[in-house]
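The following note sets out a colleague's comments on the structure shown below.

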Amino acid sequence: GKFAIRDNREIPDTLEVLDSLALPEPATVPHVITMFEGRIAIYLGVNSGALRYFWDPQTKKLSQDTSWVVKPMKEGQTTSDAPSILGDWIVLQTNGIGSETVASSIVAVHQKDPSRMKVIFPFGELKKGEWSWAPPKPQTDPENSMIYSADMGVGKVAGIKIDQATGEMGGSVLPRGLKSPRSRNFARFGSFPAARSFSVRP
């Protein structure tokens, strides 16, 4: 696959391609763009995990940051979902195209040091006969240090507390009685209403 930058401001009728790069592996999900140390950083979820690219608006060139390569996949897991940003952390969810053998996981990776990676399985191990399928990107709430995850295959949603200083995650929270999200787009949930009853699972 390829990754391209287009400018539709100056040439709205043509969507001119300013630069493009061949990716080292497929990226089946959308990317996310943010500023990192004064540079425009583009985070891509790929089959093996995640990559970072930079866009230079002066030279109009893309470049891969080969120092930031994340490979969190367990054998049997499938592609990362679209990345989300939470402070200094990039948050991924695995099993974007499903798995019959391994549960989906939430992965938090520090933007400054990809070796600082934390992983949690919010729904536990995959039971016999279950199928994990987690197509929505994880949603993040930096103000409350929360990550929201959904797995359509097992029919569950979870809220995960993250320590933004260390990246440690825990205290998986599921609303009582909510066992199957009605939408594949978890973004519509936002943060759960304060009045909703929660049960906490270690």
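1. The accessible surface of the protein chain comes to about 10700 Å², and carbon and sulfur atoms account for 49% of that surface. The model is a predicted one. Of the 202 residues in the chain, 47% are buried.

2. The secondary structure consists of 15 strands, with zero helices. Among contacts between residues at least 6 apart in sequence, 45% join residues at least 24 apart.

3. The largest nonpolar core has twelve residues: Val 32, Phe 36, Ala 41, Tyr 43, Ala 50, Phe 54, Trp 68, Val 70, Ile 90, Leu 92, Val 107 and Val 109. Two or more of these residues come from each of strand 3 (32-36), strand 4 (39-46), strand 5 (49-56), strand 6 (61-70), strand 8 (89-93) and strand 9 (106-110). A second, separate core holds ten residues, including Leu 86, Trp 89, Ala 108 and Ile 120. In soluble globular proteins, nonpolar side chains tend to be buried together.

4. Leu 92 belongs to the largest core. Leaving aside neighbours within four places in sequence, Leu 92 is in contact with Gly 49, Ala 50, Val 70, Ser 80, Asp 81, Pro 83, Ser 105, Ile 106, Val 107 and Pro 138.

5. An open sheet is formed by four strands in the order 7-8-9-10, with antiparallel pairing. Its edges are strand 7 (84-86) and strand 10 (117-120), each of which pairs on one side only. From one strand to the next, the twist averages 25°.

6. Strands 7 and 8 run antiparallel and are joined by three bridges. Leu 86 stands opposite Trp 89 in strand 8, and both residues are among those of the second core.

Notes
Residues are numbered from 1 along each chain as its sequence is written. This is a predicted model: local features need pLDDT of at least 70, side-chain atom pairs count only at pLDDT 80 or more; totals for chains, interfaces and linings use all residues. Side-chain values use heavy atoms; hydrogens and water are left out. A nonpolar core is a set of buried Ala, Val, Leu, Ile, Met, Phe, Trp, Tyr and Cys residues joined through side-chain atoms within 4.5 Å. Buried means under 20% relative accessible area, exposed over 50%, partly exposed in between (1.4 Å probe, protein chains only). Contact means heavy atoms within 4.5 Å. Two strands pair if DSSP finds at least two bridges between them. Axes are lines fitted to C-alpha atoms, for helices over the stretch in contact, and angles run from 0 to 180 degrees between N-to-C directions. Accessible areas come from the Shrake-Rupley method with a 1.4 Å probe; for residues, only the protein chains shown count as cover.
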